[in-house]
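Dear colleague,

Please find below the structure I promised to hand over to you. My findings follow it.

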Amino acid sequence: MPTIEVSYQDICSLIGQTIPKKEFQEKAVLFAKGEIDEWEGDSLKIDIKDTNRPDLWSAEGIAREIQGRYGNPGLPEYSVKKSDLKVIVDKKMKNIRPCTVCAVVKNLKITEHVLSQIIQLQEKVSISFGRNRKEVAIGIYDLCKIKPPVKFTAFKPDQLKFTPLDFKEELTLKEILEKHPKGKEYGFLLSGLSEYPIFIDSANEVLSMPPIINSEYTGKVTKETRNVFIECSGFNLKFLLPALNTIVCALADRGGEIFSADIIYPDKKLTTPDLKPKTFSVNANTTNKLSGLNLQPEQICTLLEQARYKTKTKGNKIDVIYPAYRQDIMHERDVIEDVIISYGFNNIEPVVPRLPTTGGQEKIEEFSYLTEEIMTGLGFQQTMSYTLTNKESLFRKMNLPEKSIVEIENPISSNWSVFRNSLLPSLLEFLSKNKHREYPQRIFETGDIVITDETKETKTKNIRNLACAVTHPATGYEEISSCLDAFFLALGKTYELKETAHPSFIQGRAAEIIVNRKSVGIIGEIHPKVLNNWELENPVAAWEINLESILSLF
Amino acid sequence: MYKLTEEGRKYLEDGLPEIKLMLFLKKPAPLEQAKKTIKNFGIALMWAKKLGWVKIEKGMLVPLERPKTSKTQEALKNFSEGKANENEINLLLERKLIEKEGAVLKKAKALKGKTISTLTPELIKTGLWREVKLKPYNIEAKGKTIYPGKRHPYARFLWAVRRKLIDMGFKEMTGPLIELEFWNFDALFQAQNHPSRDWTQTYTLKHPKKGTLPDKRLVDRVRKAHENGWTTGSTGWGYKWDAEKAKQLMPRAHTTACSARKLAEGVETPGKYFSLSRCYRPDVIDATHGVEFNQMEGIVIDESLGFKEMLGLLKMFAIEIAGAEKVRFYPDYYPFTEPSVQLSAKHPELGWVEFAGAGIFREELTRPLGVEIPVIAWGFGIDRLAMYKLGIRDIRYLFSQDLEWLRKQPLFMW
């Protein structure tokens, strides 16, 4: 969720009136789906909850939404004047970065504050909405320094040099990726390409290498800049068009005049931006059923006008016209939510639904709880650990050969890169971290393990297991096998032990736990080699069983 | 040294049973009558016969002599007065009326009149406790700390929350920890190419990579909802849906995947469901982000549900589970609900805190899964609540590996 830094005074001046702070916090900001995160002097941090409405991620957007409820309802009008600026898209861009949409905004009065707002909006849109510049990269340039037409083309990494923003010397494209901080940060977006995308003007002045960096000369907007050229580049017009609309409408709210640009593709021509409002319709009955508000169509229209729609009613049908910067309306519901927001969530009396249902939990949870009771009764401390672990703990430290397990491709850390296929390593790890604590130590865990299983829809299966371990200088197999016996006695089930060889346990002191002629677990005294691997200094005896197999006996 | 056995002491006081029998047998008497009258009749008869004092004739017990005492009786008397000779001692030992005095008893005797701290079984058995003084303790000093079996504080908390939900009429729903992108995203109407898919950062799997999609008709409805809205009245996302992407496996990022599975499997109407289990997101681990976390969420299904009921449900949670006094609602956004709301609750100690979120599932989600009536989806920040209720500041302590902490942490109760 984007957090936007704005000035309270600036927002109030954009709204056109000063809203008292308390009211701003408790009522006004909610109209923009915002919540005040921090308020220090004039500086406000606002969390905007809607990640699908980039138009709200700026002081201008927030003000626009609030304004509708404070004396200025209805559709905000934006006009686009024609300009003769052309952007020519090279046909080789098809496989590099195929799309761009552009605009010109003139007669801006940019203050320090406005400049920081423009940069913030550009950042938020390209990061949160543009999937970290992959889908949408945005460039804003000083129009006076550009000689149209602009060409959107591509160059080989060593073929072209320009001075990137905030640098003094010219670098090749390759060098920019290696040396410029933005090159290092976003270079991966160009990996695998033999040519890099470039905006360049008719005087061969480079504008930028999207989605990495602008040039220092054309791509630096300052307080003195009056007219700007804006481009958005990416792969899909569906994302690029609303991104461009968001930026130009914000600039227009600052007094700028919007001009179009012609984008000449090899096979088509586009004129952008397109700020023609869009249409949708909602039904008053549906609105009332969903909201529970029982409103007349006219009342619904008033609330929608406050949310910056233009409306027209035909009986219960309400036709709406909404601004082009919105790209989130797909379903009647999306419009109805705006009716409720205008009405005010906190003006609605909650109704607790009284539904005759019966509660209950999964059998395995019930059973886990029962076994936990038995284990605590036997004097064991319950532990809880992560289902994520690493191969080192599961295999090498347990003296086991590697086998097929569920593995994460993009782990945060190699410590948590695979799913555990047994609980015993979790218990040994726990003991290894508590060597200096008072003995005896008796611990148990009920938890899920995950194994691969070709027969399942997800090719994996999670299983609820129970494992316990005891350690102190005098412990051994007898102690843990008494616990197992007591465990089965408490469940009223019979079991048998069958000697087995298991590399984690001492030879001759390990057995399979057999229930109903089926192996459901393992018991034994941990092999000293394994103890050494975990740097444990006292003997450890342990067992682990599959609770689901035992539950199936009930 | 010797001492009287329990039996010896009794006979000394009451007389030997055979003597008592003979005193009773003034004339021949029926066996049955003697049996009823004389205590320890078996022993009495055995010794009386052995000594030639009686015979049995036709069910009658006939006295042959009239002894008033016996060697044994004399020996017992002499022993008690400390005058028994060696023969008498042997006689009594043979009949187990006296025994060698044990070391413990000797010790106990040595304690006579003294102040002692330990009350022993010997002192209790011999009655010598009457002759010692039991030392009073510093009774206000606390006992030594011991560490018996105990539940994990967080597990105990989760159990209590689970109980609460069941009491409120919610039924549990589950799903696998490793999930198809289909259930984690597609069935929840999160477009494959849209930023809303990045709503949460998620893990992907290296092995295994892909699973198999569920029922073809279901998958087809979901595909259409994405591409053109199907029959839901939506425009859809307007792109070409890719089944291969939906087959990819991932550790589930939210338990909303369980809700999707439950809706597709079929739900009761009215229906109230919850899930409370592990989820996975690649967050950088710090005081507020653990390696794994638990999510508590669920769905409520009924024809009568709307926005007001959704607020009511959240308010009920705030009061029942969070112990809040006042609530406030904020517009919110989830890719799979519309409208959506966030609940902030005023807690007596914490002030205003974000506690829960909810929304009405989009029709693009519910209808392809076969549900035609409103479904409220709700979720609760359970780990945050756990931290507060357990009084911890670092979320990593929820999965603490510090045995000392686990041993000393109190257990939770509402």
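Please note that this is a predicted model. Chain A is divided into four parts: domain 1 (3–67), domain 2 (80–272), domain 3 (278–346) and domain 4 (363–551). The centres of domain 1 and domain 2 of chain A, taken over C-alpha atoms, are separated by 28 Å. Each of these two domains of chain A gives 14 residues to the contact between them. On the side of domain 1 that touches domain 2, strand 1 (3–7), helix 1 (8–15) and helix 3 (59–67) of chain A each supply at least two residues. Helix 3 of chain A gives the most, with four residues. By class, this side of domain 1 of chain A has five nonpolar, four polar and five charged residues.

The two chains also meet. Their contact takes 77 residues from chain A and 86 residues from chain B. The residues on the side of chain A divide into 27 nonpolar, 27 polar and 23 charged. Strand 22 of chain A and strand 10 (residues 205–207) of chain B run antiparallel and are joined by two bridges; here Glu407(A) has His207(B) as its bridge partner.

Within chain B, seven strands form an open sheet with mixed pairing, in the order 8-12-13-17-16-15-14. Its edge strands, strand 8 (171–172) and strand 14 (326–331) of chain B, each pair on one side only. Strand 12 (residues 271–279) and strand 13 (residues 293–301) of chain B pair in the antiparallel sense over nine bridges. Among the bridge partners in this pair are Cys279(B) and Phe293(B), the latter in strand 13 of chain B.

Yours sincerely

Definitions and conventions
Residues numbered from 1 in each chain as written. Chains lettered and ligands numbered in written order. Predicted model: local features only at pLDDT ≥ 70, side-chain atom pairs only at ≥ 80, totals over all residues. Pairing = 2+ DSSP bridges. Contact = placed C-beta atoms within 7 Å. Nonpolar A, V, L, I, M, F, W, Y, C, P; charged D, E, K, R; others polar. Domains from an automatic or database assignment.
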